Amino acid sequence: MPLVYSIFVPHPPLLVPEIGQGEERKCSATLEAYRYLARSLYEAQIDTVVLVSPHTPLLRDGVVILQDETLRGDFAQFGVPKVKLLFSNNQLLAGTLAKELPGGVLTSGKLDHGALVPLYFLQEAGWDGKLVVMSMPLENPEGYGEIIRDILKSYAEPIALVASGDLSHRLKNDGPYGFHPSGPQFDTKIFEGLSREPSAIKKIPRDLAEEAGECGWRSLRLALAVQQGLPRVLSYEGHFGVGYLAAELYQSSPLPQWARQCLEAYLNKGTTQGLTVPDVPLLQLRRPCFVTLHKDGDLRGCIGTTAPYRENLAQEIEHNAIAAGREDPRFWPVEAEELPFLTISVDVLGEMEKISGMDELDPWRYGVVVRGRGRTGLLLPRLEGINTAQEQVDIAKRKAGLGPDEPVEMWRFEVVRYFE
């Protein structure tokens, strides 16, 4: 999977110090998050950035992609023409996207501020790779994201996706479009969706989005569809009447890649001997983990431990990856032919903390372990469709073979989830 990083960032020109002239410091949280994301992208050694801007010409059913050999632009319309940016276009990828995406159109043009602001911070961080700039469709951005996901699978070099967009422009009376109650409501739904259930973002009513005066809803939805991840909101500010949100949407990890290597070796050779453990310090620590397999979006296997039983996390992942593929009693054993169609995630569990009641649970932050009559049930956090602590505990009890009214002891734990 060449897509190794995906982010969502705002694009107010005043964040650029040459334009803000000190006003940008009022958005210090946004600036800090922006520079963290830009530095992370640079450190991931990204060859090509695909940048989705809502200010590139928009089509109802289609996308516009810049085709010039060199992509360039400046901030002249914001009073600083001397701040200029230029990047080499990855014309091969741009042409492929235009050909494969429904209604894809290649055109010439300058970089708009929706692209220039993110690129300013990427260049500041030291990134100087190739670029593809495109719009997003007004209809069905998820469908386009899924096609982009399939296209990127054929590329060998590491690629990052940058979705540019502001949230509501109607947060304050003195903002650019005044105040509307839908403004803060829309931004809250985006924030909560990224923090809890990303699939809920596409279900936001269109009328609410239009009343909020947003420009980033569709670019965000497209990015979320390109690659499953565990979004992490780094900052949100609305000081100038516009919602600026910066988030890390997806970051590839060697942990599930190691799980895949182990499962693949076992299925093809019957042994994992000869594999080289990735040089990742975390893999040398003793941690419990779960390995989860999905196929076509459906669960295909999940096995894990609530305490570390092996020498280190690398061995824990190795054992659980094979067990998830071959020993989950809910499914037929995975065959080698299925490997290309599997997605793999690894959940590394934190310390267990005993709790006295459900008021200490949050199904989006904590997993839960219940114990009663010598039986144990565990449920990971952030599972789609589970929104309350009561639902979480009831399912954990069922997994343990316990009745809904049986008394249990409970523990909570936090999880870091890693994707390929």
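The mean positions of the 43 positive and 56 negative charges of the protein lie 2 Å apart. Here Lys and Arg count as positive and Asp and Glu as negative, while His and the chain ends are not counted; each charge is placed at NZ of Lys, CZ of Arg, CG of Asp or CD of Glu. The model is a predicted one, in which local features need pLDDT of at least 70 and side-chain atom pairs count only at pLDDT 80 or more, whereas totals for chains, interfaces and linings use all residues. Residues are numbered from 1 along each chain as its sequence is written, and side-chain values use heavy atoms, with hydrogens and water left out.

Turning to the overall fold, the protein has 11 helices and 17 strands (DSSP runs numbered from the N terminus, helices being H or I with at least four residues and strands E with at least two). The radius of gyration is 23 Å, close to the 22 Å of the globule rule for 420 residues, so the protein is as compact as a globular protein of that length. This radius is taken over C-alpha atoms, and the rule is 2.2 Å times the number of residues to the power 0.38. Of the 420 residues, 53% are buried (under 20% relative accessible area with a 1.4 Å probe, protein chains only; exposed is over 50%, and partly exposed is in between).

A look inside begins with the largest nonpolar core, which has 42 residues. Such a core is a set of buried Ala, Val, Leu, Ile, Met, Phe, Trp, Tyr and Cys residues joined through side-chain atoms within 4.5 Å. Leu93, Leu97, Met134, Phe186, Ile190 and Leu194 touch the most other members. Helix H8 (residues 217-226) gives the most to this core, with six residues, and 10 of the 10 residues of H8 are buried. Leucine 194 is in contact (heavy atoms within 4.5 Å) with residues including Leu220, Leu224 and Arg382, leaving aside neighbours within four places in sequence.

A second, separate core of 40 residues includes Ile7, Ala115, Leu122 and Ala160. Isoleucine 7 sits in strand E1 (residues 3-9) and is buried, with a relative accessible area of 3%. Which residues does isoleucine 7 touch, not counting residues up to four places away in sequence? They are Leu37, Leu161, Val162, Ala163, Ala247, Glu248 and Leu249. Alanine 163 is 156 residues away from isoleucine 7 along the chain, yet their C-alpha atoms are separated by 6.1 Å.
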